[in-house]
Amino acid sequence: SAPAAAGAHGKPLVVVLLSGSAVDLGPEGQEVDAVLWCGYPGQAGGLSIGDALFGATNAFGRLPMTWYDNSFTKAVRLDDYAMRPNASRDYPGRTHRFYTGNPLYRFGHGLRYTSFDRALVLD
């Protein structure tokens with residue numbers, strides 16, 4: 001497998017994913033060192049992705065959506081936009097607010113390389 005081959009050479013394996021939504025990467029997705037989801041990066045996207053991969057920039061964020069596992073596609077019809085779960089229909093719900101299944105990655109999952117501090121200053 002690609003993860004094993006990369007690991008044998010001591011190199012990290014990063015999947016750069018260009019997609020409009022979440023994609024089930026299967027078991028192999030759990031074996032890679034990182035997944036960089038880029039959405040649709042636009043004209044300068046290639047340069048930006050390269051800068052991120054080679055450490056010229058540190059602009060990382062969090063996922064703006066929930067990544068469902070493969071069973072979600074079997075439980076939910078594409079034309080059913082109900083949000084809340086419904087046990088009588090065995091419907092798991094949608095979005096980070098209502099999904100009752102076990103997602104691959106939750107809304108907001110990701111790394112950040114900075115920290116924030118706040119304080120209330122009264123004069």
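Leaving aside its neighbours within four places in sequence, which residues is S19 in contact with? In this predicted model S19 is in contact with W37, G39 and Y40, where contact means heavy atoms within 4.5 Å. Residues are numbered from 1 along each chain as its sequence is written, and side-chain values use heavy atoms, with hydrogens and water left out. Because the model is predicted, local features need pLDDT of at least 70 and side-chain atom pairs count only at pLDDT 80 or more, while totals for chains, interfaces and linings use all residues.

**S19**
- S19 sits in the loop between β1 (14-17) and β2 (34-37), strands being DSSP runs of E with at least two residues.
- S19 counts as buried because its relative accessibility is 9%, and buried means under 20% relative accessible area with a 1.4 Å probe and protein chains only.
- A polar atom of the S19 side chain lies 2.6 Å from the backbone oxygen of S21.

**Largest cavity**
- The count comes to one cavity of 30 Å³ or more, a cavity being a set of points on a 1 Å grid over the protein atoms alone where a 1.4 Å probe fits but cannot get out.
- The largest cavity holds about 30 Å³ of space, and its lining, made of residues with an atom within 4 Å of a point, consists of D24, L25, G26, G29, Q30, L104 and Y105.

**Second largest pocket**
- The second largest pocket holds about 210 Å³ of space, a pocket being an open set with protein on both sides within 12 Å along at least five of seven lines.
- Among the residues that line this pocket are S21, D24, Y68 and T95.

Terms used
Points joined across faces, edges and corners; volume = space filled by probe spheres on them. Helix = DSSP H or I, 4+ residues; strand = E, 2+ residues; numbered from the N terminus. Buried < 20%, exposed > 50% of the residue type's maximum accessible area, 1.4 Å probe, protein only. Polar contact = N/O pair within 3.5 Å; in protein donor to acceptor, adjacent residues only side chain to side chain.
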